[in-house]
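Today I am looking up charged pairs and aromatic rings, one entry at a time.

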Amino acid sequence: MRSFTLENNCLINIDEKRSAHGDIRTLIEAARRGEADIAILASSAYERQPGGAHLKRFADFESRMSALGLGHISLLRPIGRHGLSFHGFSIMSDEASIERERLIFRTLFPTKPVRWSDYAVSYGLDKKDLSSAAAWAWRNCLGAAQAFWAHENGGRHVFVTTNEGFARLPKKLEFANAVIMTPTQAVQVLTGDNRRMPVAGLRRQSRPVADMDFLLR
């Protein structure tokens, strides 16, 4: 069965009923019928809510997913970081995996510092305040890197996004096997309009963390 990972912009498309909403729903309904494996990252780095607040508890994220009719799709774990991953739903990872995530970040956002402390200094922000409006620009970048890292770490097939920036990944030798598609392209693959789909190589799974997050690196 083909596996598709939805990037967070797909969730926003559903929430706000943007142009790609219909194709994303088609993928989700295929998962409901058991015709596709659909997953999305669960990370508090991404989850800014109306008014500027963010979801701090994994249970709140699950409730949001259920409210959007997405309670049946799989959830991927990011590398655990205090304040940027849900407590009890993250992965304790080794340095090699952290460096891989940083490479993804640098490839997607080549002009932005990877580490929050460096970003805060560069933009004159308070390093202790990850909830400020200005900090969300960096958090969104991290969330995007987290999403592809979790997709790759899980050995999944197709990364589905409306963000054109992800097209940078397959152009880099280190991500030559990356399969990036728009929701429309993913639906075409799912329905058999395109029967030749490259498959990303499997990567080693990291160990899930049950009860702890980790400090920012």
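**Entry 1, a salt bridge across the chain.** I started with R156 and D37, whose side chains form a salt bridge at 3.2 Å from N to O. I then checked where the two partners sit: R156 lies in the loop between helix 6 (135–153) and strand 5 (158–160), while D37 belongs to strand 2 (residues 37–41). They are 119 residues apart, so I noted this as a link between distant parts of the chain. A reminder to myself: this is a predicted model.

Is R156 buried or exposed? R156 comes out at 8% relative accessibility, so I wrote it down as buried. D37 has a relative accessible area of 25%, which makes it partly exposed.

I looked up the total and found nine salt bridges in the structure. One of them joins R18 to E16, with the closest N and O atoms 2.7 Å apart. R18 is partly exposed, at 40% relative accessible area. Next I turned to R102 and E95, which meet in a salt bridge at 3.7 Å, N to O. R102 is buried at 7%, whereas E95 is partly exposed at 41%. Which residues join into one network here? I got E95, E99 and R102, connected by salt bridges that share partners.

My search of the whole structure gave seven aromatic pairs. I picked out F148 and F175, with ring centres 6.0 Å apart. Why is this pair called edge-to-face? Their planes stand at 80°, and planes over 60 degrees apart count as edge-to-face. F148 is in helix 6, and F175 is in the loop between strand 5 and strand 6 (180–181). The two are 27 residues apart, and this pair too links distant parts of the chain. Both F148 and F175 are buried.

F159 and F166 have their ring centres 4.8 Å apart and their planes at 45°, so I logged the pair as tilted. F159 is buried at 0% relative accessibility, and F166 is buried at 1%. I also followed the ring pairs that link W116, Y119, Y123 and W138 into a cluster.

Last, I looked for charged ends sitting over rings. R77 places its charged end over the ring of F89, 4.3 Å from the ring centre. For R139, the charged end sits over the ring of W136, at 4.1 Å from the centre.

Terms used:
Residues are numbered from 1 along each chain as its sequence is written. This is a predicted model: local features need pLDDT of at least 70, side-chain atom pairs count only at pLDDT 80 or more; totals for chains, interfaces and linings use all residues. Side-chain values use heavy atoms; hydrogens and water are left out. A salt bridge is a side-chain nitrogen of Lys or Arg within 4 Å of a carboxyl oxygen of Asp or Glu. Buried means under 20% relative accessible area, exposed over 50%, partly exposed in between (1.4 Å probe, protein chains only). Helices (H or I, at least four residues) and strands (E, at least two) are DSSP runs, numbered from the N terminus. Rings of Phe, Tyr and Trp (its six-membered ring) pair if their centres lie within 6.5 Å; planes under 30 degrees apart count as stacked, over 60 as edge-to-face and the rest as tilted. A charge sits over a ring if NZ of Lys or CZ of Arg is within 6 Å of the ring centre and within 35 degrees of the ring normal.
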